[in-house]
Amino acid sequence: MEQLLLNIAKGLVENKDAVSVTGGDKNEDGAIVFHLSVASEDMGRVIGKQGRIAKAIRTVMRAAATRAGEKVIVEID
């Protein structure tokens, strides 16, 4: 799951070295929480206009987690 999020984010940004994913811990609801960090100049590329790209990233991650029988939350820092 973490590798999938890294691959998606690195495909969107210019500064690929600044992309990092932390977390992987479960919250009180049993969902795995991932924190995606990118360089400040690439933040707009990851969020997109009106948050469309961020929403798409979360949708893909949720679909992959459902196939694995898990719940995932992606937070963009």
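Me: Where is Asp42 found?
Reply: Asp42 sits in the loop between strand S2 (32-37) and helix H2 (43-47), where helices (H or I, at least four residues) and strands (E, at least two) are DSSP runs, numbered from the N terminus. This is a predicted model, in which local features need pLDDT of at least 70, side-chain atom pairs count only at pLDDT 80 or more, and totals for chains, interfaces and linings use all residues. Residues are numbered from 1 along each chain as its sequence is written, and side-chain values use heavy atoms, with hydrogens and water left out.

Me: Is Asp42 buried or exposed?
Reply: Asp42 is buried, with a relative accessible area of 2%; buried means under 20% relative accessible area, exposed over 50%, and partly exposed in between (1.4 Å probe, protein chains only).

Me: And which residues does Asp42 touch?
Reply: Not counting residues up to four places away in sequence, Asp42 touches Val13, Glu14 and Asn15, with contact meaning heavy atoms within 4.5 Å. A polar atom of the Asp42 side chain lies 3.0 Å from the backbone nitrogen of Asn15.

Me: Switching to the helices, how do the axes of H1 and H3 cross?
Reply: The axes of helix H1 (residues 2-12) and helix H3 (residues 52-67) come within 11 Å and cross at roughly 155°; axes are lines fitted to C-alpha atoms, for helices over the stretch in contact, and angles run from 0 to 180 degrees between N-to-C directions. That makes H1 roughly antiparallel to H3, a term for angles over 145 degrees.

Me: Which residues make that contact?
Reply: On H1 the contact is made by Leu4, Leu5, Ile8 and Leu12, and on H3 by Ile53, Ile57, Val60, Met61 and Ala64.

Notes:
Parallel < 35°, antiparallel > 145°, perpendicular 65-115°, else oblique. Polar contact = N/O pair within 3.5 Å; in protein donor to acceptor, adjacent residues only side chain to side chain.
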